[in-house]
Amino acid sequence: MSAGMRLYDLAGADERVRFSPYCWHTRLALAHKALSAETVAWRFTEKEAIAFSGQGKVPVLLDGEHCIHDSWQIAEYLEATYPDRPSLFGSTSEHALVRFVERWTTETLHPAIGRVIAPDLLAMLHEKDRAYFQTTREAAFGTTFAAMILARDEALATLRRVLQPLRSTLAAQPFLAGSAPNYADHVAFGAFQWARVSSPVTLLAADDTSLQAWCERMLDAYGGIARAARRAV
Ligand SMILES: N[C@@H](CCC(=O)N[C@@H](CS)C(=O)NCC(=O)O)C(=O)O
């Protein structure tokens, strides 16, 4: 039953600020299926609060007796459990192609955006998360936040090159899924929502019209839940 769903969702110092791109995948997927979940604010260092899930990352979704972690697993769970609601994927072959969008977003787009915005996240995180976040992310990027700030223009130029296939696709159609969004759009847009909520940096150039227009459509989708999200900056 969806009535009792709970979603553990990454929060900043202000618990209303929810910035995880992966949690946005899930929030948009729930909205797509017209399902609601009570969200539970969670911080990076609160590992014990989600220890019941057997791992240490969010999103974690509780639905009755089911506990699911990993945004892709959650999307597949929602699709299988609520087949009468609008589909997140469409056909079997579309489902397989959305997996590619999810992998490209996680493995290429997230690092490219992260290089631009990661240092900004420190200021909006809860104090107890800051040292953990800086240490783990500097190790992951192989550089310091101070060096990333100095190299920000270069990182932004790289990101804008990385976005080219997304840009040209969205110049030809309103959404990645065609005339209406599906989980491919939730995933790719989740990356932009991450930046929008947590960083003052403008990722897109003013003349990047196809991407700007798609972001506006995604901000308006599902009753405007992404646009209504509280921003740290
Ligand atoms: N593959 C996972 C990745 C989830 C993930 O990395 N979540 C981040 C928040 S954006 C997290 O909880 N990180 C915990 C940590 O770094 O300790 C998914 O798709 O859900």
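Helix α1 is followed by A34, whose phi is positive, near 55°; helices (H or I, at least four residues) and strands (E, at least two) are here DSSP runs, numbered from the N terminus. The structure is a predicted model, in which local features need pLDDT of at least 70 and side-chain atom pairs count only at pLDDT 80 or more, while totals for chains, interfaces and linings use all residues. Residues are numbered from 1 along each chain as its sequence is written.

Helix α1 itself is largely enclosed by the rest of the structure, because eleven of its twelve residues are buried, a residue being called buried if 20 or more other C-beta atoms lie within 10 Å of its own, exposed if 12 or fewer, and partly exposed in between, with C-beta atoms placed from the backbone. The buried residues of α1 are P21, Y22, C23, W24, H25, T26, R27, L28, A29, L30 and H32, and they pack against β1, β3, α2, α3 (92–124), α8 (183–198) and α9 (209–228). The end C-alpha atoms of α1 are 16 Å apart, which agrees with the 16 Å that its twelve residues should span at 1.5 Å a residue, the expected span of a helix being 1.5 Å times one less than its number of residues.

The chain is divided into domain 1 (2–81) and domain 2 (92–228), with bounds that come from an automatic or database domain assignment. Taken over C-alpha atoms, the centres of domain 1 and domain 2 are separated by 19 Å. Between them, 19 residues of domain 1 are in contact with 21 residues of domain 2, where two residues are in contact if their C-beta atoms, placed from the backbone, lie within 7 Å. On the side of domain 1 that touches domain 2, α1 (21–32) and α2 (71–81) each supply at least two residues, and α1 gives the most, with eight residues. The residues of this side divide into eleven nonpolar, five polar and three charged; Ala, Val, Leu, Ile, Met, Phe, Trp, Tyr, Cys and Pro count as nonpolar, Asp, Glu, Lys and Arg as charged, and the others, Gly among them, as polar.

An open sheet of four strands has the order β2-β1-β3-β4, with mixed pairing, two strands being paired if DSSP finds at least two bridges between them. Strands β2 (38–42) and β4 stand at the edges, each with a single partner strand, so that one side of each is left without a neighbour in the sheet. Strand β1 (residues 6–10) pairs with strand β3 (residues 60–63) in the antiparallel sense over three bridges, and here R6 stands opposite L62, whereas L7 stands opposite L61. Strand β3 also pairs in the antiparallel sense with strand β4 (residues 66–69), over four bridges, and the bridge partner of D63 is H66 in β4. These two strands, β3 and β4, form a hairpin with two residues between them, and G64 in the turn has a positive phi of about 60°.

D220 lies in helix α9 and counts as exposed, because it has 12 C-beta neighbours inside 10 Å. D220 and L35 are 185 residues apart in sequence and, C-alpha to C-alpha, 18 Å apart in space.
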